[in-house]
Amino acid sequence: MIRFAIRAALIVVVLCSCVSARGQKTDTVKRTQSIRLKESAGIARTGEPVEVTVRFQREALIDASAIRLARVEGGQGRPVACQVLSITPTQATDSFAPAAQTFARIVFLADVPAGGETTYEVSLGDSPSPPAPATLKTSGEGLGLSIDAGPAAFELHKPSGQLLSFTPKTAGQDRLVFQQFKDKGPLPIHWNPDIWTTGGPWGHTSDWNAGTAFDPAQHKADSPSASSGDARAFFYRQFRGPLACRITRWGRMPFVPQADASVTYTFYAGAPFVSVQSLVEFREDVPLHTVRNAELVFSRHQFDTAVWIARDGKVHSAPCYDYNDKDKSFGEIARLPADVPCLALASERQGFGVALVVQSMTNLNKRTGQAADEGAHFYIRDYDEHGKGDPKNFVYFVRPLVYRDGYLPTTVDAGSLYAERSAIVVFKLSPEPERRYDELIRWQKMLAAPLEVVVD
């Protein structure tokens, strides 16, 4: 369903709409004809975001806004809206592609029956496309974006671009934040990846504060210079449109110039989740206490229950806040495998929650074949070390990837790489206790089993 690598020489973000295709040349061979989607989890998909790369002969695709998509029903094509994320023209040719090709990355909202298949046709044309069934409302400049996806709204931290807050619009309507220091404003709820070096500060991607919009005509794609003083530099790119909004950031890990980090968020129209991709790569050997990712952190009192879905599919829960004894600390609530399918924090009183659905993780070393990850795990914790009643206490979960008991010092070798793909999902709780987390289970199953895509 979702793929994140985009190398574009020309970036275009458009909604397939009524744009003249005059000058488009005939393109009937050596191009993408159809996109076939197959559902295998037994859950009907309605308006599910799908990203795919389609191919045209370069001389035929003069205007990216001429790309058209239609859902095949009963032998007929029903036009559907799509958005072009990027265009990558190439010069290479060979016996398989005698004409130069252009590759277009598109996104659309697909309907596929449970256990069934659906075909979409790809073409070029100038007829109007229908309006999208759902659209994103994106506002703000630079990194401080606000994204209203419909069932949920999200905000990004202006200095770093990290996820700052979410609002569950279908339940509760509360703006969920990490308000640790009320005089400084909210902090991001998604802090990492992060690295804690021995004898040094703990660096998080939420510590980035000097972003530069990447321009391939002016900048080299390598990470910008390491942190200097209070300036912690990074590059960012945005792809904004009515169906998808993506922001990718990369740079040296703050306070750890020996490592590069990258974080990508993608928001989709009508979807109560943000897709997350993160990566950390070490260019040098680094003595450290830990490398971590997949952290969500909130001020205490916003959630009362910790939830996780185990590998056997069973839902487990434990209290993380006591309304009758607000200073009660629950300490470490759970320690779980690093690839546990899903973790969540829920407000059973308000009827909503936020979850991290794990889709994949990769720990490797391209020079030795083994990255340091023997102690990798998740934990959920009610943090109380600021003292009883201190408003700076919080509740969170996180995945240490490199861990020795009690964060004892260890070393990560050069060439080590840690990557994750996941989704942060806002969900609604059922008022029926026996079905309370049905929606969370459904989202976990769907996101863990994306639609199978075949491009012809």
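Salt bridges come to 20 here, where a salt bridge is a side-chain nitrogen of Lys or Arg within 4 Å of a carboxyl oxygen of Asp or Glu. Keep in mind that this is a predicted model: local features need pLDDT of at least 70, side-chain atom pairs count only at pLDDT 80 or more, and totals for chains, interfaces and linings use all residues. Residues are numbered from 1 along each chain as its sequence is written, and side-chain values use heavy atoms, with hydrogens and water left out.

**A buried pair**
- E51 and R105 join their side chains in a salt bridge, at 3.2 Å from N to O.
- E51 sits in strand 3 (residues 45–57) and R105 in strand 7 (residues 101–112), so this pair ties together parts that are 54 residues apart in sequence. (Strands are DSSP runs of E, at least two residues; helices are runs of H or I, at least four; both are numbered from the N terminus.)
- E51 is buried at 4% relative accessible area, and R105 is buried too, at 8%. (Buried means under 20% relative accessible area, exposed over 50%, partly exposed in between, using a 1.4 Å probe and protein chains only.)

**Partly exposed pairs**
- R175 and E155 meet in a salt bridge at 2.5 Å, N to O.
- R175 is partly exposed at 41%, and so is E155, at 22%.
- E348 pairs up with R436, with their closest N and O atoms 3.3 Å apart.
- E348 is partly exposed at 32%, as is R436 at 24%.
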